[in-house]
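Me: I would like to learn how to read a protein model feature by feature. Please start with the general idea each time and then turn to the case at hand.

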Amino acid sequence: MTSSSSRMKFGLASTAMAGCLALALLAGASVRAEEANPVLAKVNGAEIRASDVALAEEELGPSLAQMDPATKKENVLSFLIDMKIVSKEAEDKKIADRDDFKTRLAFARNRLLMDNLLAAEGKAATTDENMKKVYEDAAKQISGEQEVHARHILVETEDQAKKIEDQLKKGADFAELAKKESKDPGASDGGDLGFFTKDQMVPEFSTVAFALEPGKISDPVKTQFGWHVIKVEEKRARKAPDFEQVKPQIETYVTRKAQADYVAKLRQAAKVERLDKPEDAAKPDAAKAPAAKK
């Protein structure tokens, strides 16, 4: 009887100790959560935490871009305090019961649901495998395409262009003459256009630039922008940039394509009735060609 009673007491003590340990662990986790997300202000008892400030910074975005971190935090916290005060007053005035408020709230809810789902779809699509496949497909199209490195001097009239051509033939420095005479925004760089492919310039300009040998200067060339004198510095076969160099652009492309494809799939499965247009114009086939072109 004594032995049995002792075992029962030990069992109860162990259970109690386990319970205390669990409570201690929970309390520790709660303290850590408080430390990670501290209360920064209270408005009539309502808490504003660090996570609220972070969310507001994300939402307010561009309007905070020029602020230093301390000023940004102070402004956002001040905004949240005002928002708490004013929103409580709006509740007291029954603004939430108005039809126009309910309409806006429904729109905001739908927008937020859409944004969150599309963000998840985009994130799921941006795997290294998907991004590298996009990169490799693009690299195949780019590699081997010819590029030209050229300078130009842009003027208003053919006579001006001919005078510049004469000065160059007499030994004038192209870059210095471009800085002095060219009306192009790139004149301060000596008229340097860097490397470009044939389709990156207007046809009249590209035809001459790609026909010139490196070191040669063109006759005056007329385009919609005026009269050009062109000097080709170098030609090369275009190489695709390294994957890491263009990874952010590829990630953006893959994300947006995944989101667009997802919306298109959902739209195809949905029953959409356009009551603002005749029936024929509202059919998917009627809008298919323009949409694909866009």
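Me: What should I know before reading any value?

Reply: This is a predicted model, in which local features need pLDDT of at least 70 and side-chain atom pairs count only at pLDDT 80 or more, while totals for chains, interfaces and linings use all residues. Residues are numbered from 1 along each chain as its sequence is written, and side-chain values use heavy atoms, with hydrogens and water left out.

Me: What is the mean pLDDT of the protein?

Reply: pLDDT is the predictor's confidence in each residue, from 0 to 100. The mean for the protein is 86, and 83% of its residues reach 70 or more. Over residues 286–294 the pLDDT is below 50, and this stretch has 2 contacts in the model beyond near neighbours in sequence. Contact means heavy atoms within 4.5 Å.

Me: How many helices and strands does the protein have?

Reply: Helices (H or I, at least four residues) and strands (E, at least two) are DSSP runs, numbered from the N terminus. The protein has 11 helices and 6 strands. Among contacts with a separation of 6 or more, 62% are between residues 24 or more positions apart.

Me: What percentage of the residues count as buried?

Reply: Buried means under 20% relative accessible area, exposed over 50%, and partly exposed in between (1.4 Å probe, protein chains only). Of the 294 residues, 22% count as buried.

Me: Which residues of helix H7 are buried?

Reply: The general idea comes from helix geometry. An α-helix has 3.6 residues a turn, so residues three or four places apart point the same way. In H7 (residues 174–181), the buried residues are Phe174, Ala175, Leu177 and Ala178. They lie on the same side of H7 because they cover an arc of only 165° around the axis. That arc is taken from the directions from the helix axis to the C-beta atoms. The cover over these buried residues includes strand E3 (146–155), helix H6 (158–169) and strand E6 (226–237).

Me: Which residue caps the N-terminal end of H7?

Reply: Aspartate 173 does, with a side-chain oxygen 3.2 Å from the backbone nitrogen of alanine 175.

Me: Which residues line the second largest pocket?

Reply: On a 1 Å grid over the protein atoms alone, a pocket is an open set of points where a 1.4 Å probe fits, with protein on both sides within 12 Å along at least five of seven lines; lining residues have an atom within 4 Å of a point. The lining here consists of Ile48, Asp52, Leu55, Ala56, Glu59, Leu60, Phe79, Leu80, Met83, Lys84 and Ser87. Helix H2 (50–60) and helix H3 (69–92) each supply at least two of the lining residues. The pocket has a volume of about 250 Å³, a volume being the space filled by probe spheres set on the points, which are joined across faces, edges and corners.

Me: Is histidine 228 buried or exposed?

Reply: Histidine 228, in strand E6, is buried, with a relative accessible area of 3%. Its side chain makes a polar contact of 3.0 Å with the side chain of histidine 152. A polar contact is a pair of N or O atoms within 3.5 Å; within protein, one must be able to donate a hydrogen and the other to accept it, and residues adjacent in sequence count only if both atoms are side-chain atoms.

Me: Which side chain forms a polar contact with that of histidine 149?

Reply: The partner is aspartate 192, at 2.8 Å. Histidine 149 lies in strand E3 and is buried, at 15% relative accessible area. From histidine 149 to phenylalanine 195 the C-alpha distance is 4.1 Å, although the two are 46 residues apart in sequence.

Me: Where is threonine 197 found?

Reply: Threonine 197 is in the loop between strand E4 (192–196) and helix H8 (203–211). With 1% relative accessibility, threonine 197 counts as buried. A polar contact of 2.7 Å joins its side chain to that of aspartate 199.

Me: What is the phi of asparagine 44?

Reply: Most residues other than glycine have a negative phi. Asparagine 44 has a positive phi of about 50° although it is not a glycine. Asparagine 44 lies in the loop between strand E1 (39–43) and strand E2 (46–49) and is exposed, at 76% relative accessible area. Lysine 94, also not a glycine, has a positive phi of about 65°. Lysine 94 sits in the loop between H3 and helix H4 (99–125) and counts as exposed at 53% relative accessibility.
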